[in-house]
Amino acid sequence: MSKTVLITGATSGIGKATAILFAVKGFRLILCGRRQERLEALQNELGKKTDVHILNFDVRNKESVSNAIVALPSNFTEIDILINNAGNAHGLDPIESGNTEDWDAMLDINVKGLLYVSKAIIPKMVERKSGHIINIGSTAGKEVYPKGNVYCASKHAVDALTTGMRIDLNQYGIKVGAVNPGAVETEFSNVRFKGDDEKADSVYDGFDPLVAEDIAETLLFVVTRPKHVNISDLIVTPTAQASATVFNKRS
Ligand code: NDP
Ligand code: 8X3
């Protein structure tokens, strides 16, 4: 049978592009997010190509996460691949004036949410002694940039958790790795700047950012390696981006 992939944050950006590409490639999909209309639209569209199950939960709510996974229909309980993608930046402020609600959101979603989803899925992978977990980190998990403070901390935590998971799950033959994108034009900056779309768009002025499909293709490569190959860590940036702050912009 085709592999079953659970993707968090499938309603937009990287998660959605991955769902679309993986459907074309015949993976069975469990698509997660909070925006029900978008989940249903994806199910209707991608359901023409593969089996699709949708789950609506906020990754911050551990009971909802656990209940949703426990209640999966029997033909979707064996999850082969988990893509921990849900996440966002909230705000871009110096530490002295950062908003504590933004801090809570980033740590609760990007770090604790990833843990809750993983905790709900790992036990069955351990039982079956097989599985593959891919965490979507960021270049922000590899270096810190001005005003990135808490978002960078959350992605550094994802980096550490990826290594920790790989070490602990090694004995069960479970693959664990991370894909760490640089600037990808999605709804990411719209969320970061709280609906100020002009400001969000200006992030990508003067260079060609990655598009979500670039990361979807990377993820397809990662999940289609042979059984004995694990891609443990990948950084993918636009050609114009040399580091978190160095961009070759058109003048
Ligand atoms: P988008 O804003 O386009 O997508 C974010 C996704 O996460 C949405 O599907 C959203 O779904 C979901 N999500 C957000 N909060 C929650 C929550 N509390 N519970 C459940 N789902 C949630 O951004 P991207 O596609 O760019 O981001 C995907 C991942 O990639 C994130 O982890 C981000 O940090 C990372 N990343 C992004 C980069 C970029 O430049 N864009 C670069 C490096 C990493 P919904 O609102 O329906 O719940
Ligand atoms: C998203 C990339 O540079 O905005 O993780 O933090 S960045």
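In this predicted model, a polar side-chain atom of Lys 175 lies 3.0 Å from the backbone oxygen of Pro 226, and the side chain of Lys 175 also reaches the backbone oxygen of Val 229, at 2.6 Å. Local features require pLDDT of at least 70 and side-chain atom pairs count only at pLDDT 80 or more, whereas totals for chains, interfaces and linings use all residues. Side-chain values use heavy atoms, with hydrogens and water left out, and residues are numbered from 1 along each chain as its sequence is written.

**Lys 175**
- Lys 175 belongs to strand β6, residues 175–181 (strands are DSSP runs of E, at least two residues, and helices are runs of H or I, at least four, numbered from the N terminus).

**Ligand 1**
- Ligand 1 is surrounded by 30 residues (a heavy atom within 4 Å), and the closest are Thr 11, Ser 12, Arg 34, Tyr 151 and Thr 186.
- Two helices, α1 (13–24) and α5 (149–169), each supply at least two residues of this shell.
- An oxygen atom of ligand 1 is 2.5 Å from a side-chain N or O atom of Ser 12, and a polar side-chain atom of Tyr 151 lies 2.7 Å from an oxygen atom of ligand 1.
- A nitrogen atom of ligand 1 is 3.0 Å from a polar backbone atom of Val 59.

Terms used:
Chains are lettered from A and ligands numbered from 1 in the order in which they are written. A polar contact is a pair of N or O atoms within 3.5 Å; within protein, one must be able to donate a hydrogen and the other to accept it, and residues adjacent in sequence count only if both atoms are side-chain atoms.
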